[in-house]
Amino acid sequence: MPKRFELKARDLRCICDPKIFKFKNTSEIKPLDSVIGQKRAVQAIEFGLNMKSSGYNIFVTGEEGTGKSTIVNDLVSKHARTLPRPDDWCLINNFKDPFRPKAIAVSSGKAAAFAKKMHKFVEDLKKDLPKAFEGEGYLKRLAGIKARFSEKQNRLFQKIDRFATRNNLQIIKSEQEIETVPVLDGKPLTPEEFNQLPNETKAAFENSIRQVQEQIELASVEIDKLNQALHMDVEKLLDEVSFAVVTSRLEKIRSEFKDNAAILAHLDEIEQDIVENVNYFMPSEDGNAKESGIFKPPPDTELNRYQVNALTDREPAKGAPVVFETNPTYHNVMGRIEKRAYMGTVTTDFSMVKAGSLLNANGGFLIMDMESLMMHPYVWEALKRALRAKFLQIEDIAEETGFGTVSLRPEPIPLEVKVVLLGSYDDFEVLQNYDHRFNKIFKVRADFDYEVERNPDTIQQYARFIARVCKEESLLPFTPKGVATIVEYGEKYVSDQNKLSIRFGPLLGVLKEADYWARKNRARLITEKYVIKAFNEYRFRYNLYEEKTHESYLDNTIMIDVEGAVVGQVNALAVYQIGSFSFGRPARITAETFMGKDGVINIEREAKLSGSTHDKGVLILSGYMGRTFAQNYPLNLSISITFEQSYSGIDGDSASSTELYAIISSLSGIPIKQEIAVTGSVNQKGQIQAIGGVNQKIEGFFEVCKANDLTGTQGVMIPRANVKNLMLRKEVIDAVKKRKFHVYQVSTVEEGIEILTGIPAGKADKDGNYPDGTVYGAVQQKLAHYYKRSLRLKKELE
């Protein structure tokens, strides 16, 4: 077996030496206060936060667990503390059009105070106005006005009475009418007595009665004028008293908000409206609502017009607001207009308008998860519209659908907010390619990496990160060996000896679980023993399917040879993925070659069990076979190739080199050693290319070999490009050290076939012929035999 292809034990894992840590446990070091390895993302976020131009909102991409949410929140919060606090926003009644409430800006922290003052103002008026109209001063002035007009009215009637007396007439007043009665000898005449009078006397009385009636009609006109004047004077008195009470109550509010022109203008409107509608503050005679029936308004509806709806109220914290919206529904983001059910009807007013997170973040920053946002209809389009227009329109979602009823339409509010969206690569790609406005609104992309270069600085930062988690989560301190084990876990997680994982979500889980096992053992420090225990316990919780699969190899349900040599048969390596848990196991690939013109027949493809990547890998084999063996004459053969005992879908090209080895073995008739499993993709030039899951594949074949007893000849052949990805379990490394198991690296098909057969592949001469005693020489002879045989058959048939 060529030793030059075999890897040493030191090549199979990058070991972190605990001696590089100069502490006894992590409680002695300063917790991490910076970001590990996210220079690109951090610079992009800082750039977006500091850009004042429109459209420089930020879209953050990256894999789950890289700390996007935490880092973004920290960076945004830190930047927000350097900015001034923005104004609060209130909604007030529009006295000219109640369906279009007005929005006014109030100094930060003053919105709630303004609303409380106006509420107290209304409550005070409910007491002060009725009291003012019951006061002695008002009643005296009212009595004086009424007396003055009563005197004028009496003078008119006295004048008519005198005229009637002179003409022997008497005026009798009733509630319905004024009656004029003739008087003779001081006695009122009855109708019968009047009819018995001489005609001349009757005519004189009738003439006098007409004159009196004319005087009465003229007096009635004058009395109507007097009543109108009386009403106007009373109204004027009401206005004067109301104005005095309201003005005195508003004076303090005016002085407090004297620098806000919008509030002062609104207070002037309130003052005028209350004077005009002072009856709203008057209790009804029966103490009940002023209107009755099923259509009466809810209590205090009329007085709500003077209240203030504080849409936002900044906490007394320093800086601009930072809002992290975890449930970005339409109403939660854009705001809502609530409704009130009362006596069989549904009503609303400006006081029932509620702000959403977009308005709460106005003047600051709004952070949302893109996946959650896209789960709710209408939010994305409404958000883009608001950001482009730089105005927020709070409206019913029913209006978005076109099925809404008449409702409020509050005045648009100026919007100055920076939106940060957390999404995936797929989200970003779809939006960038299919939403033409996306690039105009989200001009900054912050891409979070999932790995960082492994060097002394990042290793020490790992230790400080562990110290930070221990402090924040109240975990036991880690020893240097415990930290070193975590560092090696970071290498294994990304399958790279030169990188460390910065997906801190899974790492945080390992730290907490190690703390659990240490506390259960009543330990004071977390050593490597408890970290390894956490790994093993995690694997045990998830690997039931792996164990069931492994049992299939032990009882020969799945047929795998780990000894001997077979023509046209190779052990490939596959990875099974169950959620976030993956493991490797071998799979038998067989190839049969025979005369014909069908080329490579991929049984998985014919059975529609293969993916496009796997099909591509198989088709590449034809290119390599033609390049290597069909330079002098055509390939007249058929090749049937399959994954044995595979009954579900297969994808990926990591077995393409394995399939090629099976074909070469079948054509040459040279058997392949079954104790060596193979992985690696191949190109048309015969170069072996890197694949994924190399650690799981090696460990999976090791488990199968170990279950059948290690012979010392078993091993795995991997692409040379994957050597840097090796982070194998210590059990495998120990077996390699004892030469019970082997790992080989190859970069070409020729190197691989030599390891698998023990025979050189061979090198073609200038005529393209391979020497005898080589694998490719045997293949060439078989192909020549097929070609000559096909020519003879053709002649015989002719």
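**View 1. Val749 and its contacts.** Leaving aside its neighbours within four places in sequence, Val749 is in contact with Tyr624, Leu660, Tyr661, Ile664, Val682, Gly686, Ile688 and Tyr776, where contact means heavy atoms within 4.5 Å. This is a predicted model, in which local features need pLDDT of at least 70 and side-chain atom pairs count only at pLDDT 80 or more, while totals for chains, interfaces and linings use all residues. Residues are numbered from 1 along each chain as its sequence is written, and side-chain values use heavy atoms, with hydrogens and water left out.

**View 2. The nonpolar cores.** Val749 is also one of the residues with the most contacts inside the largest nonpolar core, together with Tyr661, Met717 and Tyr776. That core has 47 residues; a nonpolar core here is a set of buried Ala, Val, Leu, Ile, Met, Phe, Trp, Tyr and Cys residues joined through side-chain atoms within 4.5 Å. Buried means under 20% relative accessible area, exposed over 50%, and partly exposed in between, with a 1.4 Å probe and protein chains only. Helix H26 (residues 775–797) supplies the largest share of this core, seven residues. Apart from it lies another core, of 39 residues, including Ile104, Ala132, Val234 and Leu238.

**View 3. Helix H22 against helix H25.** H22 and helix H25 (residues 749–757) pack at an angle of about 60°, and their axes are 11 Å apart. Helices (H or I, at least four residues) and strands (E, at least two) are DSSP runs, numbered from the N terminus. Axes are lines fitted to C-alpha atoms, for helices over the stretch in contact, and angles run from 0 to 180 degrees between N-to-C directions. Leu660, Tyr661 and Ile664 of H22 meet Val749, Gly752, Ile753 and Leu756 of H25. By class, this contact has six nonpolar, one polar and no charged residues; Ala, Val, Leu, Ile, Met, Phe, Trp, Tyr, Cys and Pro count as nonpolar, Asp, Glu, Lys and Arg as charged, and the others, Gly among them, as polar.

**View 4. Glu659, a buried residue of H22.** Glu659 lies in helix H22 and counts as buried because its relative accessible area is 2%. Not counting residues up to four places away in sequence, Glu659 touches Ile589, His614, Val618, Leu621, Ile641 and Phe643.

**View 5. Strand E13 between two parallel partners.** Four of the five residues of E13 (residues 365–369) are buried. On E8 (residues 322–325), pairing with E13 is parallel over four bridges, and Phe324 stands opposite Ile367. Five bridges join E13 to E16 (residues 418–422), again running parallel, and Leu366 has Val419 as its bridge partner there.

Note on methods. Two strands pair if DSSP finds at least two bridges between them.
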